[in-house]
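Please read the numbered points with the model open alongside.

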Amino acid sequence: MRPPRWLSTLCCGLLAAMAAAAAEPVVLVANPENQTVSRVHYTGPAWPADAGGFLVGTGRGHRLLAAVLPGAGDFRVEAEFALARAGRESSFVVGRDGEVVMNAGAKTWRLRGAFFNAADAPREVAAPVLAPGARAELELVRTGDTAVLRVGGAELYRGRTGTGALGALGFDPGTGTVRLHRFTVAGKVADAAAPRAFGNTFGLQLRRKPSALADLYAPAILRPAETNESSAVARRDGTLEVYGITKPASDSVSVIRSRDEGLTWSASEIAFPLPGKAYYALQVLEARDGALHAVVHLAGEGPGGYRGRLYEVYHLRRPAGGAWSEARKVIPGYVGSIRGFVQLGTGRLVLAVGLAVPEREATPKAGPDFGWNDTVVYFSDDAGGRWQRSPDRLQVELATPNVTRYGAVEPALVELAPDRIWMLVRDRGGRLWQSYSSDGARWPALTRTDFISSDSPAALLKLRDGRIVLFLNACQNWTDPRSYAMGGREVLHAAISADGGRSWRGFRDILHETDVVSGGDRGTAYPSAVESRSGKIVVMSGQGEGKRALVGFDPAWLEARSSRDDLAAGPVGWTQYGAEGMAVETLPDGTRALALALPTAGMSGATWNFPMAGAGELRGRIRVPAAVRELKISLTDHFNRIDDRRAAEHAVWSVAGAALGALGDEAWHDLKLVWSDATAAGKLDVMIDGRTVATLAAQRPALHGVNHLRLEFRSASEGGRILLAGVEMQSRP
């Protein structure tokens, strides 16, 4: 007689748990004071060993990650650690999106990510009250599809979890300090790859750098960049130069050079010293007479700044064939990142910055709040010898309360025509703001644009033929509008205009965030771009270790009206932030298909970027397992992470429910989406196997068209995958 199924399941679970418990644990950290080699990787500086017998980690994003990870199946993780500072958050990292957010002295901690069934929203749990510096033991055990987390003997979590391999495991000091005494893992384990720059399993990092300039078309990473917020310059002789603050000394400016339009670069060398300590902000340009001009801000202390701190702007000049001048102060007070520095056709130098207003440091008790910065403009008609300040102060009223109150900051500039200078200003409200000037001396009040942007600066580049290229982070996070940079910086987009900014094309991904975490600022923001001698674009952008890159592409790529993804180089055009489990499979007929693993917790999916179009069609083949639940297919005009649960409702069109009822039967189906009049809230026809199954009105007008295909879904079970093949898009008149 066969035993009851429940008894067999119980016995198998017990045997698996006993096997995991009996497995010889792999020691990741032990006896660091005796210089025992730890089997870990770091995403920042290595944690030093303390004589007290522990590794010390400090700094947000400076993760210690296990070099050996639990695979699919049962495992046991044990750690002995201490949180050195009260009131500061540190994390135990579980998987690529999971963490236990810990706080010494707090009565509750937070669980995040699919592993803890908290992918949609953080889960608060009662926590043992740990005294700062007191050692505590952590235990995480997975048996079958059940996970148990204990700290100090107290059970914090027990619940269903996925059974697949963990993508990451370790500790992130966050805003606090972690002392790690011991760290082990047992079960079915495997060596983990060390974090590396541009190490995504998706996105344009997978595209190989071309060996010849003629082959450079779609964006490709040419090389890692040296520092944040560097400034690119195209010299008259064809040399490309990138200037940046020398780190970690911060007492000079360094430069790298390319004489083959960005394919290869020289070693970094000091360009000129500084009379003080700099942060990152820097802009360099070559004037029409061949002279170089640089503006940089230097740190100080005193009144007139922000909370006793100063970042004052200095100007330096290097005449053609000469040496750099001494730095001269141009703007006193506190200036944030410098993004707008141009020379007009008249020869006038124009410098636009966000300048702190000390009396607006605190939120006003009544009346409008303009933040603690205004945009101001300085100009010089004698090559930087004397600078005048425009009488106009440009402001952005903060519409809603938030922890950040920057105001009007980080303006970018470009001369569209001899009497038309365009300024774009960063704001936290989801759009860029603009002003136009005839001469750079007087500026009308800012107005809101139709360019979607997170709380990130834009950049502008005028090509030799007069076209304008716009760089921006068209990212939003509707589930968590107070997320990093008020919407995120996972993607940098570029658009192009051939009519002086009246119409735009492209809005395509040119840089993707990497999965290497770093401290402080991060992501793809703060671009600086130049046009090479043969008309290619080279752009430096990104913040944080493993994220800064020099990217090259042909502006013709932004003009394309169609796109097809054959997945030959992998999911180059796809992103999957906020989910995982994307791969490429080769089907029996030789066709490559995008494969999206099914989760049992949280939402999964992927996003594909294509040329912006007000009207067009998108088609492909799709196979959906029966286990898939809540499948939604959206077309929209900005980027969202997959774990943004409200992205579909903010899309231009979103298809779900009965309209997709023909899918989910494990069979291949032809899917076609045809849209029209996107900017006028037009319609979308949804066709499956040649039959129209739905005609939908837009949820809102698109701002320039639609340029992202988004799939999101949940699953009742693991093991299967959604397959997509032959995805292509074509714009229509």
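1. Gln434 is placed in strand 31 (residues 431–437), where strands (E, at least two residues) are DSSP runs numbered from the N terminus. With a relative accessible area of 16%, Gln434 is buried; buried means under 20% relative accessible area, exposed over 50%, and partly exposed in between, with a 1.4 Å probe and protein chains only. The side chains of Gln434 and Trp422 are joined by a polar contact of 3.0 Å. Such a contact is a pair of N or O atoms within 3.5 Å; within protein, one must be able to donate a hydrogen and the other to accept it, and residues adjacent in sequence count only if both atoms are side-chain atoms. Neighbours within four places in sequence aside, Gln434 is in contact (heavy atoms within 4.5 Å) with residues including Trp422, Leu424, Ala445 and Thr449.

2. On the basis of the note: the model is predicted, and local features need pLDDT of at least 70, side-chain atom pairs count only at pLDDT 80 or more, and totals for chains, interfaces and linings use all residues. Residues are numbered from 1 along each chain as its sequence is written, and side-chain values use heavy atoms, with hydrogens and water left out.

3. Strand 7 (residues 89–94) pairs with strand 8 in the antiparallel sense over six bridges; two strands pair if DSSP finds at least two bridges between them. Asn103 in strand 8 stands opposite Glu89. Three residues separate strand 7 and strand 8 in a hairpin, and Gly95 in the turn has a positive phi of about 80°. Strand 8 also pairs with strand 9 (residues 108–113), again in the antiparallel sense, over three bridges, and Arg112 in strand 9 stands opposite Glu99. The hairpin of strand 8 and strand 9 has four residues between the strands, and Gly105 in its turn has a positive phi of about 90°.

4. An open sheet is formed by four strands in the order 16-39-38-37, with antiparallel pairing. Its edge strands, each pairing on one side only, are strand 16 (220–224) and strand 37 (528–531). From one strand to the next, the twist averages 20°; axes are lines fitted to C-alpha atoms, for helices over the stretch in contact, and angles run from 0 to 180 degrees between N-to-C directions. Strand 37 is joined to strand 38 (residues 537–541) by four bridges, and Ser528 has Met540 in strand 38 as its bridge partner.

5. Which residues have the most contacts inside the largest nonpolar core? They are Trp574, Phe610, Leu635, Trp653, Trp675, Leu709 and Ile722, in a core of 47 residues. A nonpolar core is a set of buried Ala, Val, Leu, Ile, Met, Phe, Trp, Tyr and Cys residues joined through side-chain atoms within 4.5 Å. Apart from this core lies another, of 45 residues, among them Trp47, Leu64, Phe116 and Leu169.

6. Two individual buried sites may be examined. Thr43 lies in the loop between strand 2 (40–42) and strand 3 (49–50) and counts as buried at 7% relative accessibility. A polar atom of the side chain of Thr43 lies 2.9 Å from the backbone nitrogen of Arg63. Gly340, in strand 25 (residues 340–343), is buried with a relative accessible area of 0%. Beyond four places in sequence, Gly340 touches Val350, Leu351, Ala352, Pro411, Ala412 and Leu413.

7. Most residues other than glycine have a negative phi, and most peptide bonds are trans. The peptide bond from Lys247 to Pro248 is cis, with omega near 5°, and Pro248 lies in the loop between strand 18 (240–245) and strand 19 (252–258). Glu630, in strand 46 (residues 628–636), has a positive phi near 55° and counts as exposed at 52% relative accessibility. Glu666 has a positive phi near 70° and is partly exposed, with a relative accessible area of 44%.
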